[in-house]
Amino acid sequence: MKAISHRFPVAILSALVLVACAVLILGRNVKAAGEGKITGTVKLNGTAPHMRGIDMSKDPYCVKANPTPAHLETVVAGSGGGLENVVLYISAGLPASAESETPTTVPVFDQKNCMYTPHVLALDVNQKFKVVTSDQTTHNIHPLPNPMTGNIPWNQSQPPGAQPVEKSWKAPEVIPVQCNIHPWMHGWFVVVKGPYATTDASGSYTINNVPPGSYTVTAWQEDLGTQTAKVTVAGGQSASADFTFKAK
């Protein structure tokens, strides 16, 4: 009788674990099936401003790494007017449960050929990211958040071969980042709450994992400012929102 009484609770516990796992998996599948996406393009209306070449003569390594001189990336527009490096995010309407979810992907911010790659890195609040260096010269990465937001400033050198620096940000904010050694190196961390996307070279974007609902989508461009659009996403469906910025 004692042997039976010991096995019985174990059997019940095993069954409960299996049921819990099934419920969790089923819940994830149902949630994924119900999520939609927002797609669109961001374009520039008018002549794109001239992006001047960068003088890297301060560091011979950087000159050699760029046989064709690099240019500023303040406004990057393709032949069809598509704007690159625009961040799209949901600025209103997102349920609290979606706002509090933190992506498990870990984006990489590289120092490559004495430039930041990507020039603009979008992130969710508390999402981990890595700062790496591909260069054989020392860099000094120095983000400049507003201390009043709760984001803590930091400043760290990365010599060649240095280990990645893993960080996250606590609050939504557009944070400029610079290199104290190479003054032309300039980029952005754009920290938002909830799903986001960044336009590619053609100005296209897709915000995935959007629950059904009506939202305000904001497009941010570092020099041209912000625009908003209203969009409604049905369960498991795709909605669209296009933006056009006027050239200065």
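**Close-up 1. Strand β4 gives the second largest pocket the largest share of its lining, four residues.** This is a predicted model, and the pocket in view has a volume of about 170 Å³. Of the 14 residues that line the pocket, Tyr89, Pro172, Val191, Val192 and Lys193 are the closest to its centre. Strands β4 (87-92), β12 (173-179) and β13 (186-192) each put at least two residues into the lining. Sort the lining by class and you get nine nonpolar, two polar and three charged residues.

**Close-up 2. Phe129 and Trp169 make a stacked aromatic pair.** The count for this model comes to seven aromatic pairs. In the one shown here, the ring centres are 6.4 Å apart and the planes sit at 20°, so the pair is stacked. Phe129 belongs to strand β8 (residues 129-133) and Trp169 to the loop between β11 (165-167) and β12, so the pair ties together parts that are 40 residues apart in sequence. Both Phe129 and Trp169 are buried.

**Close-up 3. Trp169 also stacks with Trp154.** Here it's 6.2 Å centre to centre, with 20° between the planes. Trp154 sits in the loop between β9 (139-143) and β10 (156-158), Trp169 in the loop between β11 and β12, and the pair links these distant parts of the chain, 15 residues apart. Trp154 counts as buried at 11% relative accessibility, and Trp169 is buried with a relative accessible area of 2%.

**Close-up 4. Six rings come together in one aromatic cluster: Phe109, Tyr116, Phe129, Trp154, Trp169 and Phe189.** Look for Lys167 as well: its charged end sits over the ring of Trp154, 4.9 Å from the ring centre.

Technical notes
Residues numbered from 1 in each chain as written. Predicted model: local features only at pLDDT ≥ 70, side-chain atom pairs only at ≥ 80, totals over all residues. Heavy atoms only, no water. 1 Å grid on protein atoms, 1.4 Å probe; cavity = no way out; pocket = protein on both sides within 12 Å on 5 of 7 lines; lining within 4 Å. Points joined across faces, edges and corners; volume = space filled by probe spheres on them. Nonpolar A, V, L, I, M, F, W, Y, C, P; charged D, E, K, R; others polar. Phe/Tyr/Trp six-rings, centres within 6.5 Å; stacked < 30°, edge-to-face > 60°. Buried < 20%, exposed > 50% of the residue type's maximum accessible area, 1.4 Å probe, protein only. Lys NZ or Arg CZ within 6 Å of the ring centre and 35° of its normal.
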